[in-house]
Amino acid sequence: MKKSRKSNLRKYADMRLNNEPGEVISNDRLHRHINWLAQDERNFGPATALEMFGQVFPSSSSVPLWLRPGTPKQCFVNATAIALSRDDAVYAEGYALCEDVPVPLHHAWVINRRGAVIETTWELGPSHCYLGIPFKTDFVAQVLLEDGQCGLLDPPLMRRRASSPDQFRQIVEFGFGTKIEPLPASAIGRTLR
């Protein structure tokens, strides 16, 4: 990426997320971004689900021997394929930050039994930050078979399959090396319909 374009992207990200100019990549930036997105949701949607059920995942410092790099810009397909073919990996989806792009990106990855990220699409980076939700493998497979879709934090899909926090809780993979305590709606500071 050209230096001037990268600089302009960073200025845009700083302005949109109320970042300090030149602020380093951090989990706080992801939390602010999710909060900003959730303010525009009128009903239970992807950003609200991330506020209630999302967790920060540590970036892994190593790549498993079995991992083959996935197709660039196909993170949802790459992560789905691995999660459905391995017992030791769980599909996760949310937002991530990397050094090359200064704005949070909707992204998918898998997590191992310790809850560490196994990056299926991007090059491994020690300063990558991930905030997302692990999903039950049966649900990932069901959506792929019935809807032909990879990627679960999609508003139309959520309206059809998990339109409330109680319904959504049923498709989240709890206890796979990570402890996720959903926030009550009152902690988010707005009323969900």
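This briefing covers the aromatic ring contacts of the structure above. The structure is a predicted model, in which local features need pLDDT of at least 70 and side-chain atom pairs count only at pLDDT 80 or more, while totals for chains, interfaces and linings use all residues. Residues are numbered from 1 along each chain as its sequence is written, and side-chain values use heavy atoms, with hydrogens and water left out.

**Ring pairs**

- Seven aromatic pairs are found in a search of the whole structure, where rings of Phe, Tyr and Trp (its six-membered ring) pair if their centres lie within 6.5 Å, with planes under 30 degrees apart counted as stacked, over 60 as edge-to-face and the rest as tilted.
- F44 and F168 form an edge-to-face pair, at 5.6 Å centre to centre and with 65 degrees between the planes.
- Because F44 lies in the loop between α2 (27–38) and α3 (46–53) and F168 in helix α7 (residues 165–169), this pair ties together parts that are 124 residues apart in sequence; helices here are DSSP runs of H or I with at least four residues, strands are runs of E with at least two, and both are numbered from the N terminus.
- The ring centres of Y91 and F135 are 6.3 Å apart and their planes stand at 50 degrees, so this pair is tilted.
- Y91 in strand β2 (residues 90–98) and F135 in the loop between β5 (129–134) and α5 (137–147) are 44 residues apart.

**Burial and cluster**

- F44 is buried at a relative accessible area of 6% (buried means under 20%, exposed over 50%, partly exposed in between, with a 1.4 Å probe and protein chains only), and F168 is buried at 1%.
- Y91 and F135 are both buried.
- F44, F53, Y91, F135, F139 and F168 are linked by ring pairs into a cluster.
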